[in-house]
Structure formats: structure tokens, C-alpha cells
Amino acid sequence: MKIIVPMAGRGSRLRPHSLTVPKPLIPVAGQPIVHRLVKDIAKVLKQPIEEIAFVLGDPAWFGEEVVTSLKALAESLGAKASIYRQDKPLGTGHAIMCAEPSLSGPAVIAYADTLIRADFNLDPEADAVIWTKKVANPEAYGVVKLNAENNITELVEKPESFVSNQAVIGIYYFKDVAVLKGKLQEVLDENIMNGGEYQINDGILRMMAEGKVFKTGTVDEWMDCGNKAVTIETNTRMLGFLKADNEEQLIADSVTLVNSKIIEPCYIGENVKLTNTTVGPNVSIGNNCTLENVSVKNSLIQNHTSIKNANLDEAMIGNHVKYNGEFTRISIGDYSVLE
């Protein structure tokens with residue numbers, strides 16, 4: 001089994017946090033989004049992963065530090081890491097084709113801006129599986145249309161009238177991804193574009209037209225990381241799952257508490273010092289942070305950050321930040337928000 005992970009985009013909706021860190025590498029509950037996604041997919045598949053192919057953007061943005069972390073992720077799952085580049089943002093279908101040498105055999109394709117919780121077996125009769133989540137407002141999503149045999153017959157983007165309540169979440173399984181590769185090559189050769197981009201859906205629709213069987217794989221939880229508000233919500237939900245699973249150490253042994261308390265669930269990284277501070281519930285704090293005279297809940301703080309004299313709720317704070325709630329002189333860069 002292979003996993004193909006297109007992650008070339010920067011993530012404009014998560015600015016300013018994605019100005020210096022690619023969105024898939026922003027940590028949720030202590031681990032980068034893409035790391036958690038790939039690990040969760042590997043757990044769902046319940047079979048060995050031989051290769052993980054990452055499709056990255058500009059090397060100036062996705063540099064050697066990113067490549068090193070992704071190779072380590074693949075190795076931790078016993079898989080080979082393959083690194084490809086998408087030089088221009090020409091869509092999902094184009095991104096997949098950038099990994100053309102890896103497109104053979106059974107594979108999962110997953111876009112790295114979402115997290116899941118799922119437990120199911122792949123249908124052996126299916127040529128492909130599109131993972132979906134039942135939603136209350138299907139008109140806001142791309143959804144699948146099903147026939148009497150529960151085979152997917154159509155993909156409908158933001159339907160005005162009811163088609164189904166199964167929303168496409170951006171994770172796909174192909175029994176032989178080379179078939180998709182062939183159809184996407186046709187899309188590129190014929191220059192079929194939607195919204196100025198080559199889309200995976202055009203390749204999938206061509207497979208359906210040839211009678212390939214597509215089934216749904218329904219996930220229990222689908223957590224988006226598209227903007228600040230939903231990323232904080234996802235962090236909260238993931239902390240709850242991890243606390244219940246009791247499989248990860250969420251609070252490092254090196255955390256120092258001085259007249260402070262932690263209200264779980266929380267993730268607190270290495271060498272964090274808390275002084276006269278209450279943390280939690282639902283807070284993630286990265287490595288080497290210091291908090292003094294702070295109350296913080298429902299928030300996400302990255303690494304090497306110092307916060308003083310603050311009462312924070314639903315906050316998202318990046319790396320190497322110095323924040324003092326009693327400030328009188330400030331230096332704030334582009335896209336920063338204070339509310």
C-alpha cells in the first residue's frame with residue numbers, strides 16, 4: 001500500500017500562521033497536521049505501508065527541514081519516503097500527477113488539511129473508495145450520489161437540491177492508482193480545466209464512465225484545519241480523543257509548574273515553564289514556552305513563545321512570539337489580528 005499526500009499549498013486562510021510555516025505542518029495537539037493525518041490513515045488501513053509520496057511546493061517554502069521531517073514520518077511507519085515538487089498551483093489532479101513515478105498499485109490519496117477518526121475495512125469489490133462524512137448541510141460541500149447498490153455514480157459540488165448527505169472529505173483509495181493516473185493524463189493532454197486547474201474529479205468521473213466501482217468509506221470524525229477558528233476547534237476535539245485513547249503522553253515530564261495548574265485535556269511540550277498560570281482545558285502549548293500570570297483555555301500556542309499578563313480564550317499564537325497583556329509599545333507584522 002502507498003499513501004500519496006499533495007501538500008503544496010501555503011494556506012492563505014490560516015494567515016498569519018501560515019506565512020512562515022506551511023499549513024500542513026502547523027501543530028494540532030502537539031503534532032503537525034500532516035503527521036497526524038498520515039498516522040491515522042495508516043492505522044485505518046491496517047496493512048503495511050511501503051511508500052509515502054509527498055508532493056511539495058516551492059523549495060524556498062517547503063525546504064530541507066520540511067523534507068527531513070516528512071522522511072522521518074515515513075520511516076516511523078516503516079515506509080519509503082518519496083518527495084516530489086509541484087512548481088505551479090495547477091490543481092489537485094496536477095498535484096497527483098507530479099508524483100507520477102509512484103502512481104502504481106493500491107494507494108490512498110489524502111489532502112493534508114484535514115484530520116479524521118475512522119475504523120473500517122476497505123471493500124474488496126471496490127475499484128476505489130471515496131471517504132465521506134455525513135453532514136447536516138450538504139449544500140455547502142461536494143457530495144457523492146449513490147445508486148441502489150450504494151455505488152457512487154456521480155460527484156456533485158454544492159448541490160442546490162438534495163443529492164445525498166455524504167460529503168467528500170478529500171481522502172481516496174484506489175485498488176490500482178495507475179488507472180487514475182491514466183485518466184488524469186488524458187485530462188492534462190486534453191487541457192480540461194475547471195476554475196483554471198486540473199481536478200482529480202475529472203479523472204474519477206472518467207473511471208466511473210468506464211464502469212469502475214466506487215464505494216464510500218464513512219469516517220466517524222472529520223476535522224478541518226482550514227482557518228483559525230476551525231483549527232482551534234479541531235485542536236480541542238483531538239485533545240479529547242487523545243485523552244480518551246490514553247496512547248500518547250500529552251504533558252511532558254520537563255514541564256515546570258510554579259503556583260500553576262493544568263486543567264486537562266491539554267498538550268504541553270518540552271521545557272515549558274508555567275508561573276502563576278492556569279492552563280486548560282483544551283490547550284496545546286509547544287516546546288520551550290514560558291507563561292507568567294496567564295489564564296488560557298481553548299487555545300493553541302506554538303514553540304518558543306513567551307506570554308505574560310494575559311487572559312486568553314480561543315487564541316492561536318505562533319512561534320517565537322512575545323506577548324505581554326500590559327504592553328504599551330508594540331511591533332506587529334502583516335496579517336496579525338488582535339481582538
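This is a predicted model: local features need pLDDT of at least 70, side-chain atom pairs count only at pLDDT 80 or more; totals for chains, interfaces and linings use all residues.
**Entry 1: helix H4**

I began with helix H4 (residues 177-189): at 1.5 Å a residue its 13 residues should span 18 Å, and its end C-alpha atoms are 18 Å apart, which agrees. The expected span here is 1.5 Å times one less than the number of residues. Helices (H or I, at least four residues) and strands (E, at least two) are DSSP runs, numbered from the N terminus.

Residues are numbered from 1 along each chain as its sequence is written, and side-chain values use heavy atoms, with hydrogens and water left out.

Which residues of H4 are buried? I found Val177, Leu180, Lys183, Leu184 and Val187. Buried means under 20% relative accessible area, exposed over 50%, and partly exposed in between (1.4 Å probe, protein chains only). Seen down the axis of H4, the buried residues fall within an arc of 120°, so they line one face of the helix. The arc is taken over the directions from the helix axis to the C-beta atoms. A handy reminder: an α-helix has 3.6 residues a turn, so residues three or four places apart point the same way.

I then looked at what covers those buried residues: the cover includes helix H3 (92-97), strand E6 (107-110), strand E11 (166-174) and helix H5 (200-209). Contact means heavy atoms within 4.5 Å. After H4 comes Asn191, and its phi is positive, near 55°.

**Entry 2: the cores**

Next I looked up the largest nonpolar core, which has 54 residues; Ile41, Phe54 and Trp131 have the most contacts inside it. Such a core is a set of buried Ala, Val, Leu, Ile, Met, Phe, Trp, Tyr and Cys residues joined through side-chain atoms within 4.5 Å. Helix H1 (residues 33-45) gives the largest share of this core, 8 residues. I also noted a second, separate core of 28 residues, which includes Ile4, Ile109, Tyr111 and Met207.

Leaving out residues up to four places away in sequence, Trp131 touches a list of residues including Ile41, Val44, Phe120 and Val219.

Is Ser102 buried or exposed? Ser102 is buried, with a relative accessible area of 1%, and I found it in the loop between H3 and E6. Its side chain makes a polar contact with the side chain of Glu51 (2.6 Å). A polar contact is a pair of N or O atoms within 3.5 Å; within protein, one must be able to donate a hydrogen and the other to accept it, and residues adjacent in sequence count only if both atoms are side-chain atoms. Beyond four places in sequence, the contacts of Ser102 include Lys2, Ile4 and Tyr84.

His35 lies in helix H1 and counts as buried at 13% relative accessibility. With residues up to four places away not counted, His35 touches Leu25, Ser69, Leu70 and Leu73.

Val143 sits in strand E9 (residues 142-146) and counts as buried at 0% relative accessibility. I also checked a distance: the C-alpha atoms of Val143 and Val34, 109 residues apart along the chain, are separated by 24 Å.

**Entry 3: a sheet**

Last, I traced an open sheet of 4 strands in the order E16-E19-E21-E23, with parallel pairing. Two strands pair if DSSP finds at least two bridges between them. Strand E16 (266-268) and strand E23 (316-317) are the edges, each pairing on one side only. Strand E21 (residues 299-301) pairs with E23 over 2 bridges, and Leu300 stands opposite Met316 in E23.
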